[in-house]
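Subject: Structure for you to look at

Hello,

Here is the structure I said I would pass on. Please open it next to this email and follow along.

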Amino acid sequence: EILKREQVPATVFVSGGWVDTHPEAMADMANDPLIEFGDHSYDHPHMTQMSSARVVEEIDQTEAALARYGRRSVAFRPPFGEWDRHLLAVVGGRQLPTVTWDVVSGDPSARATTAGMIRAVVGQARPGSIIVFHINGRGWKTHEALPAILQALRQRGFRFVPISELLKAPVAPPVSSPATHPVLGRP
């Protein structure tokens with residue numbers, strides 16, 4: 001509701017299992033032109049430990065779930081931010097760029113505070129940043145922190161774009177090694 005009210009576009013990375021068990025929320029998001037979707041696997045497994053066939057199955061099941069709402073993914077975000085060359089190659093074969101994040105909101109932690117989330121996100125955001133928030137019931141303080149985060153980032157001159165637009169940007173997002181949870185462009 002905050003994103004709608006503030007007219008902020010977002011890329012929501014969904015697991016296919018979540019799509020299949022939350023039809024009302026999914027239908028609402030699928031009808032929102034500001035929301036695009038990313039694939040986050042079907043069951044949220046540790047995909048670096050899986051065979052190519054199993055990785056493809058996880059991705060295809062999620063794509064099938066999204067297709068029931070007339071949508072498809074613009075990118076893939078691996079569960080737990082875990083990736084390796086094998087996973088990148090398999091996902092790339094499904095025509096999906098792989099992305100992670102460079103700013104962590106901290107919202108999955110029940111110990112997260114509104115002030116701490118605001119401080120962390122506003123303090124770490126840079127041009128091209130990808131900020132991870134959660135909508136699956138684990139974003140304990142997100143609804144309290146998000147309005148102030150949006151306001152502060154706008155005051156710093158940021159504008160908000162979905163992943164698909166960020167990936168087309170002439171200046172690439174920050175890239176780092178696998179150990180630091182990178183923001184990845186196309187594999």
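A salt bridge is a side-chain nitrogen of Lys or Arg within 4 Å of a carboxyl oxygen of Asp or Glu. Asp 60 and Arg 94 form one, with their closest N and O atoms 2.8 Å apart. Asp 60 lies in helix H4 and Arg 94 in the loop between helix H5 (85–93) and strand E4 (103–104), so this pair ties together parts that are 34 residues apart in sequence. Asp 60 is partly exposed, at 31% relative accessible area, and Arg 94 is partly exposed as well, at 33%. Please keep in mind that the model is predicted.

The structure holds 11 salt bridges. Another one of them joins the side chains of Arg 68 and Asp 20, at 2.6 Å from N to O. Because Arg 68 is in the loop between H4 and E3 while Asp 20 is in helix H2, the pair links parts 48 residues apart in sequence. Arg 68 is exposed, with a relative accessible area of 54%, whereas Asp 20 counts as partly exposed at 33%. Arg 159 and Glu 165 also form a salt bridge, with the closest N and O atoms 3.0 Å apart.

Three strands form an open sheet in the order E1-E2-E3, and the pairing is parallel. Strand E1 (10–14) and strand E3 (73–76) are the edge strands, each pairing on one side only. On average, neighbouring strands of this sheet are turned by 40 degrees against each other, direction ignored. Five bridges join E1 to strand E2 (residues 35–39), and Val 12 stands opposite Phe 37 in E2.

Val 12 and Phe 37 also belong to the largest nonpolar core, which has 12 residues in all. E1, helix H2 (16–21), helix H3 (23–30), E2 and helix H4 (52–67) each supply at least two residues of this core. Apart from it lies another core, of 11 residues, including Met 50, Leu 87, Leu 88 and Val 90.

Last, is Leu 150 buried or exposed? Leu 150 has 4% relative accessibility, so it counts as buried, the cut-off being under 20%. Leu 150 lies in helix H7 (residues 142–155). Leaving aside neighbours within four places in sequence, Leu 150 is in contact with Ile 2, Glu 6, Val 8 and Phe 160. Leu 150 and Val 8 are 142 residues apart in sequence, but 8.7 Å apart in space, C-alpha to C-alpha.

Regards

Definitions and conventions
Residues are numbered from 1 along each chain as its sequence is written. This is a predicted model: local features need pLDDT of at least 70, side-chain atom pairs count only at pLDDT 80 or more; totals for chains, interfaces and linings use all residues. Side-chain values use heavy atoms; hydrogens and water are left out. Two strands pair if DSSP finds at least two bridges between them. Helices (H or I, at least four residues) and strands (E, at least two) are DSSP runs, numbered from the N terminus. Axes are lines fitted to C-alpha atoms, for helices over the stretch in contact, and angles run from 0 to 180 degrees between N-to-C directions. A nonpolar core is a set of buried Ala, Val, Leu, Ile, Met, Phe, Trp, Tyr and Cys residues joined through side-chain atoms within 4.5 Å. Buried means under 20% relative accessible area, exposed over 50%, partly exposed in between (1.4 Å probe, protein chains only). Contact means heavy atoms within 4.5 Å.
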